[in-house]
Every structure is written in C-alpha cells, then in structure tokens.
Amino acid sequence: MTDDQSAHLDHLLACWHAWMRADRGVRGFNSRALLIGDTRAMRVQYESQLERQDDEHDALQCRQIHHEVEQMGDPHRTAIYMDARNIANGLAVWNSPRLPRDPKERAIVVHFAREVLVLRLVSAGVMESARRYA
C-alpha cells in the first residue's frame, strides 16, 4: 500500500466512523418521532443539488465500506473498527480485548487488516488500485 493510498484509506475510515456514529440511535428508544417519524426533513433552502448529491454519494460509499468491513473475519474486523475510531479521534488510545495485547503484534494485525480492506474496497469500486497512486 502506498502512502497516498494509506492516507486515502485513513480519510475513508474517518468518514465511515463519523457516519456510523451519526447513524446510531439510543438503545431502548425509537430512532424517530412517533407522529412525524415518517415525514422527510426539509433541506436547507440554500443547499445546492450538488451538495445533496455529494451527501448521497458519501452515504453510499460509507454503506459499501460498512458492508466490506462486516464481511471480514475477526480479529481483522475488530482491528478496522479500532483503527477507524483512533483515526477519527486523532489519537491511538482505543483498543479491544479481541486484539493482541503486545503493541507489535497488534500493529501487524492492524496492518494486515488494512491491506485486506484496501483489496476489498478496490474490488468494490470504492478505492482505486495502487497503480493510480504510483
């Protein structure tokens, strides 16, 4: 994986993490209002068609990333979740008991998981191959 491709993956993972956080509802409560839950929110009148298309494209891209990550087996799926969370926060403080405790071993697992995810995202059309970055 090239440095540009790694930076692009970091950006995608940060966007995906933010999308996942915004998509969650509170456990035990409905995610929409009972009376107006089926109505569509009005867009800001100054929002352009291109901005709406960008938002829809980003949401589609995040759904594709989520699908590809969910298809990965553990510990690689967990490594991607923790990596995305750390990238989004800007600090490498999050970890999981499913990952190795040794930092060197954990780094190897995360690196391999990122490599596998890049291959999956290239196959899905979310990322371009490394040839473009070279």
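User: Which residues does Gln61 touch, not counting residues up to four places away in sequence?
Analyst: This is a predicted model: local features need pLDDT of at least 70, side-chain atom pairs count only at pLDDT 80 or more, and totals for chains, interfaces and linings use all residues. Residues are numbered from 1 along each chain as its sequence is written, and side-chain values use heavy atoms, with hydrogens and water left out. Contact means heavy atoms within 4.5 Å. With residues up to four places away in sequence set aside, Gln61 touches Leu12 and Val126.

User: Is Gln61 buried or exposed?
Analyst: Gln61 sits in helix α2 (residues 49-70). Helices (H or I, at least four residues) and strands (E, at least two) are DSSP runs, numbered from the N terminus. Buried means under 20% relative accessible area, exposed over 50%, partly exposed in between (1.4 Å probe, protein chains only). At 17% relative accessibility, Gln61 is therefore buried.

User: What is the nearest cysteine sulfur to that of Cys15, and how far away is it?
Analyst: A disulfide is a pair of cysteine sulfur atoms within 2.5 Å. The search of the whole structure finds zero disulfides. Cys15 is in none, and its nearest cysteine sulfur is that of Cys62, 6.1 Å away.

User: What is the relative accessibility of Cys62?
Analyst: Cys15 is partly exposed, at 32% relative accessible area. Cys62 counts as buried, because its relative accessibility is 6%.

User: What kind of aromatic pair do Trp16 and Tyr81 form?
Analyst: A whole-structure search finds one aromatic pair. Rings of Phe, Tyr and Trp (its six-membered ring) pair if their centres lie within 6.5 Å; planes under 30 degrees apart are stacked, over 60 edge-to-face, and the rest tilted. Trp16 and Tyr81 are 5.1 Å centre to centre, with 55° between the planes, so the pair is tilted.

User: How many residues apart are Trp16 and Tyr81?
Analyst: Trp16 is in helix α1 (residues 3-23) and Tyr81 in helix α3 (residues 76-89). Trp16 is buried at 0%, whereas Tyr81 is partly exposed at 22%. The pair links distant parts of the chain, and its separation in residues is 65.

User: What span does helix α4 reach from its first C-alpha to its last?
Analyst: Helix α4 (residues 103-124) has 22 residues. The expected span is 1.5 Å times one less than the number of residues. That expectation is 32 Å, and α4 comes close to it, at 31 Å.

User: Which residue just after α4 takes a positive phi?
Analyst: Within α4, the buried residues include Val109, Ala113 and Leu117. Just after the helix, a positive phi of about 85° is taken by Gly125.
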